[in-house]
Amino acid sequence: MSNSLFSKKNMKLIKDPMNDSNPISVQVLGICSALAITIMLENAFVMSMSVLFVMIFSSLFISMLRNLIPDRIRIIVQLVVVASLVITVDQFLKAFLFDVSKQLSVFVGLIITNCIIMGRLEAFALANKPGVSVVDAIGNALGYTWILLVVGFVRELFGTGAIWGFKILGTEGDTEALLAIPGYEHNGLMLFPPMALICVAVIIWIQRSKNTKLIEAN
Amino acid sequence: MALNKNSTSYIITFSVILVSFTALLLSTLSVSLKPMQQENIKNEKRSFLLAAAGQFSVKESKKKSKDEIKQIYNDKISSVVINYKGEIIDGEDAFELDVVKEFKATSKSPEDRKYALFTYKNEDGSEKYIIPMAGNGLWGPVWAYVALKADKNTIDGVIFDHKSETPGLGAEITKAWFQNQFTDEKKQVMSEDGNYQGVSVVKGGVKKPMHEVDAIAGSTITSKGVSKMLNESFYPYMIFWDKIK
């Protein structure tokens with residue numbers, strides 16, 4: 001294995017989760033949080049960053065401990081590490097970034113249940129050195145991030161007419177809105193979880209039509 | 001390898017070490033960060049009380065330091081604790097009274113609850129009254145600070161907050177459009193013929209503009225919880241002020 005952090009192999013660990021092995025659109029992991037927190041772009045972003053942090057450090061620790069962890073209790077060990085990190089994030093947010101912690105409310109705790117984290121620990125960090133494990137964690141977290149941001153963008157824009165809290169679309173007479181269209185109505189359906197599922201499905205559809213590798217034979 | 005990683009003794013030793021280590025780490029973290037977290041919560045309460053009274057907006061309060069907010073709070077606000085019959089309870093600190101805890105402990109029996117009342121002094125010496133209240137949302141508690149004008153009847157400002165309502169739905173109670181409904185038009189606690197009325201959150205159009213505001217589409221349960229809270233919570237204060245006889 002190459003020693004360089006930016007070797008071809010390592011770059012592949014970052015690039016693959018963006019497209020070919022995207023955790024959400026290809027592996028269909030971490031869907032639950034993608035449905036729950038994509039109503040607003042800001043929440044999607046902060047959630048993604050928290051997941052990024054937890055993934056990096058859990059991969060690092062699990063990979064460092066990989067030769068010591070008994071196989072029979074490895075899932076529990078992973079859970080302990082992930083849960084501890086999530087509590088750490090939560091405690092720090094509450095002490096230093098009180099406003100952000102209020103916005104995320106329950107979703108910080110839900111990072112524990114994000115299948116991408118456990119999935120990558122199980123599939124990668126347990127069998128690889130710390131350096132590459134961290135790279136793999138970053139790649140997967142970013143793959144998760146871009147889907148969340150796209151879905152969050154679409155849902156916030158069409159659901160509430162705003163992007164990152166700034167009013168963009170509105171009906172006539174809406175002075176706050178940048179673009180006031182007479183007779184325009186926000187699509188309330190966008191705010192409900194099923195619409196997130198449809199958005200993710202559309203992303204998968206577009207992705208598969210462009211990336212023929214992903215199309216299963218028959 | 002000399003160690004048998006799947007032996008029972010190894011597994012037990014490994015788990016004990018791992019768990020003790022994380023437990024130690026997390027408890028240290030929790031204990032050392034607790035003072036800062038509590039200070040944040042108190043600071044937020046002070047800024048909400050001041051914001052409800054119109055000292056500054058919640059957004060502006062974020063730019064002020066904690067000491068500054070504490071200073072303004074101590075200068076402007078005094079408080080008492082009363083019971084359901086409108087009598088002052090001595091020896092209670094209204095600021096330390098946790099409205100949400102108090103609500104949860106006595107949700108079935110409002111007559112056992114303690115009620116905090118904050119008085120805000122305007123520049124010209126007149127007063128505003130800030131009433132903290134709590135209720136049930138969909139996922140957790142919701143609470144509010146409602147400021148009344150010197151007539152002890154007309155709503156002057158409101159700040160809503162919640163623990164875990166859905167962003168974009170129930171969490172909209174913290175947004176300006178919802179809260180402005182209480183101040184854009186005059187809302188009153190007492191009806192014109194002098195009976196206790198409270199304020200309600202209603203679906204499908206406001207019929208009594210003095211006592212009703214529009215609900216949030218898609219979050220019926222949060223709206224109902226807020227409505228119940230606004231309906232009931234003013235009662236002991238109105239007795240305290242001799243508005244109800």
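# A tour of chain B

Select B:Ile82 first: B:Ile82 stands opposite B:Tyr115 in strand E3 of chain B. Strands (E, at least two residues) and helices (H or I, at least four) are DSSP runs, numbered from the N terminus. The model is predicted, so local features need pLDDT of at least 70 and side-chain atom pairs count only at pLDDT 80 or more, while totals for chains, interfaces and linings use all residues. Residues are numbered from 1 along each chain as its sequence is written, and chains are lettered from A and ligands numbered from 1 in the order in which they are written.

**The paired strands**

Now select residues 77–82 and 115–121 of chain B. These are strands E1 and E3, which pair in the antiparallel sense over six bridges. Two strands pair if DSSP finds at least two bridges between them.

Select B:Lys121 to find its bridge partner in E4(B), B:Glu127. The hairpin of E3(B) and E4(B) has five residues between the strands, and B:Gly125 in this hairpin takes a positive phi near 90 degrees.

**B:Ile155**

Move to strand E6 of chain B, residues 155–162, where B:Ile155 is found. Is B:Ile155 buried or exposed? B:Ile155 counts as buried because it has 22 C-beta neighbours inside 10 Å. A residue is buried if 20 or more other C-beta atoms lie within 10 Å of its own, exposed if 12 or fewer, and partly exposed in between, with C-beta atoms placed from the backbone.

Select B:Lys187 as well: its C-alpha atom is separated by 5.6 Å from that of B:Ile155, although the two are 32 residues apart along the chain. Not counting residues up to four places away in sequence, B:Ile155 touches B:Val146, B:Leu148, B:Phe182, B:Thr183 and B:Lys187. Two residues are in contact if their C-beta atoms, placed from the backbone, lie within 7 Å.

Select B:Leu49. Leaving aside neighbours within four places in sequence, B:Leu49 is in contact with B:Tyr73, B:Ile77, B:Phe118, B:Ile130 and B:Tyr145.

To see where the chains meet, show both: 26 residues of chain B are in contact with 24 residues of chain A.

**Confidence**

Finally, colour by pLDDT, the predictor's confidence in each residue, from 0 to 100. The mean for chain B is 89, and 99% of its residues reach 70 or more. For the complex, the predictor gives an ipTM of 0.75 and a pTM of 0.77.
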